[in-house]
Amino acid sequence: MANFEEYKELLEENAPSECQACGGPLVLEKVNLEDYQGGKLFMMEKVPAFVCQNCGEIWVPEPVMLEFERMIETVKLKKQEKNVKKKTPVKKHKEKKKNIREEH
Ligand SMILES: [Zn+2]
């Protein structure tokens, strides 16, 4: 999870002075990031990014982008783990039978 306060100091140190598209003033704001990968929509809410006050262009700092990409990878890995669990119901069945025999 991206911590706004944690990033704020770092971002203000490396803050771009003006919008690279129109030269307007940039302000550090909380924005929502969205990305489509593998037909799924990934979202990260309230992350710090520089928003142009003139044209509205959003400049997402590199550490925030990396955090977002890491989050997507984590979600993908979790889904793979779930799929593995689904494939092993046979083992559980055997364990139940064992327990019943032991109780008798
Ligand atoms: Zn601009």
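1. From the N terminus on, the elements of this chain run α-β-β-β-α-α, which comes to 3 helices and 3 strands. Helices (H or I, at least four residues) and strands (E, at least two) are taken here as DSSP runs and numbered from the N terminus. Residues are numbered from 1 along each chain as its sequence is written. This is a predicted model, in which local features need pLDDT of at least 70 and side-chain atom pairs count only at pLDDT 80 or more, whereas totals for chains, interfaces and linings use all residues.

2. On confidence, the mean pLDDT (the predictor's confidence in each residue, from 0 to 100) of the chain is 81, and 76% of its residues reach 70 or more. Confidence is highest in strand 3, at 94, and lowest in helix 3 (residues 89-103), where the mean is 58.

3. The 3 strands form an open sheet in the order 1-2-3, with antiparallel pairing; two strands are said to pair if DSSP finds at least two bridges between them. Strand 1 (26-37) and strand 3 (58-59) each have a single partner strand and stand at the edges, so one side of each is left without a neighbour in the sheet.

4. The antiparallel pairing of strand 1 with strand 2 extends over 11 bridges, and within it Lys-30 has Pro-48 of strand 2 as its bridge partner. Strand 2 (residues 40-52) is joined to strand 3 by 2 bridges, again in the antiparallel sense, and here Phe-50 has Trp-59 of strand 3 as its bridge partner.

5. Although Gly-38 and Lys-76 are 38 residues apart in sequence, their C-alpha atoms are 9.8 Å apart in space. In the hairpin of strand 2 and strand 3, which has 5 residues between the strands, Gly-56 in the turn has a positive phi of about 85°.

6. A further backbone point concerns Lys-46, which is found in strand 2 and has a phi near 55°, a positive value in a residue other than glycine. Most residues other than glycine have a negative phi. Lys-46 counts as exposed, with 12 C-beta neighbours inside 10 Å.

7. Of the 104 residues of the chain, 8% count as buried, and strand 1 is hardly covered, with 1 buried residue among its 12. In soluble globular proteins, nonpolar side chains tend to be buried together.

8. Two residues are in contact if their C-beta atoms, placed from the backbone, lie within 7 Å. For the chain, 57% of the contacts between residues at least 6 apart in sequence join residues at least 24 apart.

9. Finally, Ala-15 has its place in the loop between helix 1 (4-13) and strand 1. Ala-15 is partly exposed, with 13 other C-beta atoms within 10 Å, and its C-alpha atom is separated by 8.7 Å from that of Leu-28, which is 13 residues away along the chain.

Technical notes
A residue is buried if 20 or more other C-beta atoms lie within 10 Å of its own, exposed if 12 or fewer, and partly exposed in between; C-beta atoms are placed from the backbone.
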